[in-house]
Amino acid sequence: MILFGASGHAKVILDIINSGTGDIVDFILDDNSEIFDLAGFEIDHIVDRSILQKNNTIIAIGDNKIRKYICLKYNIMLHQALIHKTAIVSKSATVSNGSVVMAGAVINHSANIGENSIINSNAIIEHDVSIAKFAHISPGAIVTGAVSIGEGSHIGAGASIIPGISIGEWVTIGAGAVVLKDVPDYAVVVGNPGRIIKYNKN
């Protein structure tokens with residue numbers, strides 16, 4: 001398999017692989033010519049589209065917008081989801097290709113995680129949750145039952161979302177926020193109770 005990206009997020013993905021997924025990293029790509037090494041791997045700076053289209057790849061980049069850009073630009077063949085051995089994932093849940101589930105995360109019954117999403121350390125995804133592609137659920141966040149989260153949205157560390165709430169696309173929920181009502185596309189929400197402070201549409 002190939003890792004595209006050689007920053008801090010890639011280090012955590014290597015930890016997932018080293019936890020015993022059985023996967024072998026063939027090489028790591030990054031178009032930043034100032035990064036030369038990651039955990040003993042020499043970084044390849046030549047991005048060959050044909051290789052990415054023919055080999056299973058994980059985009060090891062934490063930024064949702066950049067992850068989407070890379071995926072679409074190179075038409076990447078996505079590796080199956082990587083799940084840390086300490087994560088708990090219900091047999092009835094779906095974790096789509098290209099996604100990563102970090103140590104201690106919980107994904108419960110009938111939850112659905114879209115492609116290229118990140119479920120970070122100790123995050124809790126409850127039953128019947130739907131998370132679209134390119135989303136990021138940060139460490140310790142709690143997404144309760146039947147919540148839906150749109151494409152590209154970022155749920156901050158320690159945030160909580162009550163049952164049945166709908167979060168739009170490319171929403172940012174600040175760290176520690178408590179979301180009590182639906183959130184429209186591009187909104188930025190902070191505080192307890194959560195309130196919209198602005199919209200990001202760029």
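The structure is a predicted model, in which local features need pLDDT of at least 70 and side-chain atom pairs count only at pLDDT 80 or more, while totals for chains, interfaces and linings use all residues. Residues are numbered from 1 along each chain as its sequence is written, and side-chain values use heavy atoms, with hydrogens and water left out.

**Sheets**

- Strands of a sheet pair through backbone hydrogen bonds, either parallel or antiparallel.
- Strands here are DSSP runs (E, at least two residues; helices are H or I, at least four), numbered from the N terminus, and two strands pair if DSSP finds at least two bridges between them.
- Strands S2 and S4 belong to an open sheet of five strands with mixed pairing, whose order is S3-S4-S2-S1-S5. Strand S3 (37–38) and strand S5 (57–59) stand at its edges with a single partner strand each, so one side of each is left without a neighbour in the sheet.
- Another open sheet of five strands has parallel pairing and the order S8-S11-S14-S17-S20. Its edges are strand S8 (94–95) and S20, and because each has a single partner strand, one side of each is left without a neighbour in the sheet.
- Within that order, S8 and S11 run parallel and are joined by two bridges, and the bridge partner of Thr94 in S11 is Asn112.

**Strand S23 and its partners**

- S23 pairs with S21 in the parallel sense over two bridges, and with S24 in the antiparallel sense over four bridges.
- Pro193 is placed in the loop between strand S23 (187–190) and strand S24 (195–199), and a cis peptide bond, with omega about 0°, joins Asn192 and Pro193.

- Most residues other than glycine have a negative phi, and most peptide bonds are trans.
- Asn116 is not a glycine, yet has a positive phi of about 60°, and it lies in the loop between strand S11 (112–113) and strand S12 (118–119).
- Asn116 counts as buried because its relative accessibility is 0%; buried means under 20% relative accessible area, exposed over 50%, and partly exposed in between, with a 1.4 Å probe and protein chains only.
- Trp170, also not a glycine, has a positive phi of about 55°, and its place is in the loop between strand S20 (166–167) and strand S21 (172–173). Trp170 counts as buried at 16% relative accessibility.

**The largest pocket**

- The largest pocket is lined by twelve residues, and those nearest its centre are Asn64, Lys65, Gly152, Trp170 and Thr172.
- A pocket is an open set of points on a 1 Å grid over the protein atoms alone, with protein on both sides within 12 Å along at least five of seven lines, and where a 1.4 Å probe fits; lining residues have an atom within 4 Å of a point.
- The volume of the largest pocket is about 220 Å³.
- The lining draws at least three residues from each of domain 1 (2–74) and domain 2 (82–191), with bounds that come from an automatic or database domain assignment.

Technical notes. Points joined across faces, edges and corners; volume = space filled by probe spheres on them.
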